[in-house]
Amino acid sequence: MIDNEHVVDDLAAFALGSLELAEHERVAAHVGTCAECGSRLAEYRALVGTLPLALAPVAPPADLWESIRSAARRAPSRPPVWKRLAVGGGAFRVTRWLAAAAVAASIVTWNARLQTELTRYAQGPQVEKLARRPARLVILKGAAQPQASARIFAAVDGQSGHMAISGLPSLPATRVYQLWFLPKAAPALTAATFTVDDDGRAWVVIRVPTDLDETRSLIVTEESVPGSAAPTGPPLLEAHEWR
Amino acid sequence: MNVEPVADLELLRRVRLGDESALEALYARYGGLLYTLALRIVGDRELAREVVQDTFLRSWNGHETYDAQRGRVPWWLMAIARNRAIDLLRSRSHQQRLRERAGPVPEMPPVISDDPADAVAARRAVLHALRALSDGQRMAIELAYYAGLTQTEIAHELHEPLGTIKSRTREAIEKLRPLLAPLIQSMGGPRA
């Protein structure tokens, strides 16, 4: 029997991904240890999974598979860690497990450090997701806007990321901020355009247009809507090194 | 739906070993469904395309790992696609999202005509179940699932107390349970 100690009242919203972060974590912690609520959640998730079946089917673009295949060839599949480690034997295998343990420890440390950084910004599903899977972190500091800063979290696929911004002034409707990658030997590449809220903050999904290791700087400029083909304004934020 | 769960798992296993033909088979099986879902959420064909591509790449490069506890493979893929689409949606401001939802419905490509009979039957079953909900219950579900709003945001949007929204959401799911149980069981899901 499900009683008040359980989280049944919130399971429906949990299955829909509609709880605030604190509630989400509370429910997730409970269902991880309660078979009864876990079973009910499995039912709800299956139910939620049927909702898209009500949508009128729309044919995907004819060339979408080709795009996926091309991207997949650029990012080879990685077998599970246990398969990669199960090569060789004896002391060699032990050494590889020790190496894996060291890598895991470094990831935990990195996660903890990044989580500390992330808590300076509004919590949300993006933060939670990125905190679990960090790849590269770029900190942009104010140039023409000393009070402003931004952090870019580049996803492990090297193609996308998120940027948290604070301290930039709000813009009129005809103006927009634009993030640029400045390659070492090529013209500037745009990564995102964005505006900020009344508090000067924003959370933006970005494209990573080129390899960070082949980039000399990242800058943010102010441009006319809908954005420029090349930077026209002075750098408001900039970064010249990252990890 | 005539989908063999074992075949899906086998395809996923081969995908994880780098078998491109297995990835193509998964796309052929679920690409349309994921695109439909992504387009419904983001309302933009290019963004929907990006969501579907990212979903399959995440299963390909191991950034997302299948967890049988999260349900069958298509539900897992839909959860990835939905999360990616909601992330994109949430990257825009809340007010912008509200303005967009109040605006005209984005132009949609034609509905595909070779809809398999089982998919048509499943669609009818879900539509029938959703019609059993009150307008308020259906709106609470749709704002949560397709717009990615939290319960608090839905309450604010509908000018209703938070407790009312939570009750509607819970009641809606409970009302759908018996109505969708036969469909879910036919798809190999947990028994309600």
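Q: How many residues does the contact between the chains take from chain B and from chain A?
A: This is a predicted model, so let's take its two-chain contact as computed. Two residues are in contact when their C-beta atoms, placed from the backbone, lie within 7 Å. Counted that way, the contact takes 65 residues from chain B, and from chain A it takes 50 residues.

Q: Which element gives the largest share of the side of chain B that touches chain A?
A: Several elements of chain B give two or more residues to that side, including α1 (5–16), α3 (45–61), α4 (73–90) and α9 (162–186). Helix α2 is listed with them. The largest share, 12 residues, comes from α2(B).

Q: How many charged residues are on the side of chain B that touches chain A?
A: Sorting that side by class gives 36 nonpolar and 16 polar residues.

Q: How many helices does chain B have?
A: Read from the N terminus on, the elements of chain B run α-α-α-α-α-α-α-α-α. The count of strands is 0. That leaves the helices of chain B, which come to 9.

Q: What share of the contacts in chain B, between residues at least 6 apart in sequence, join residues at least 24 apart?
A: Chain B has 192 residues, and buried residues make up 40% of them. Turning to its contacts between residues at least 6 apart in sequence, the share that joins residues at least 24 apart is 63%.

Q: Which residues is B:Ala38 in contact with, leaving aside its neighbours within four places in sequence?
A: Leaving aside neighbours within four places in sequence, its partners are B:Ala48, B:Val51, B:Val52, B:Ala81 and B:Ala85.

Q: Are α7(B) and α8(B) oblique or roughly parallel to each other?
A: Helix α7 (residues 135–145) and helix α8 (residues 151–158) of chain B pack at an angle of about 125°, with their axes 10 Å apart. Roughly parallel would need an angle under 35 degrees. The two helices are therefore oblique.

Q: How many residues in the contact of α7(B) with α8(B) are charged?
A: B:Met139, B:Ala140, B:Leu143 and B:Ala144 in α7(B) meet B:Ile154, B:Glu157 and B:Leu158 in α8(B). By class, these residues divide into 6 nonpolar, no polar and, for charged, 1.

Methods: Residues numbered from 1 in each chain as written. Chains lettered and ligands numbered in written order. Predicted model: local features only at pLDDT ≥ 70, side-chain atom pairs only at ≥ 80, totals over all residues. Helix = DSSP H or I, 4+ residues; strand = E, 2+ residues; numbered from the N terminus. Buried ≥ 20, exposed ≤ 12 C-beta atoms within 10 Å, placed from the backbone. Axes fitted to C-alpha atoms, helices over the stretch in contact; angles between N-to-C directions. Parallel < 35°, antiparallel > 145°, perpendicular 65-115°, else oblique. Nonpolar A, V, L, I, M, F, W, Y, C, P; charged D, E, K, R; others polar.
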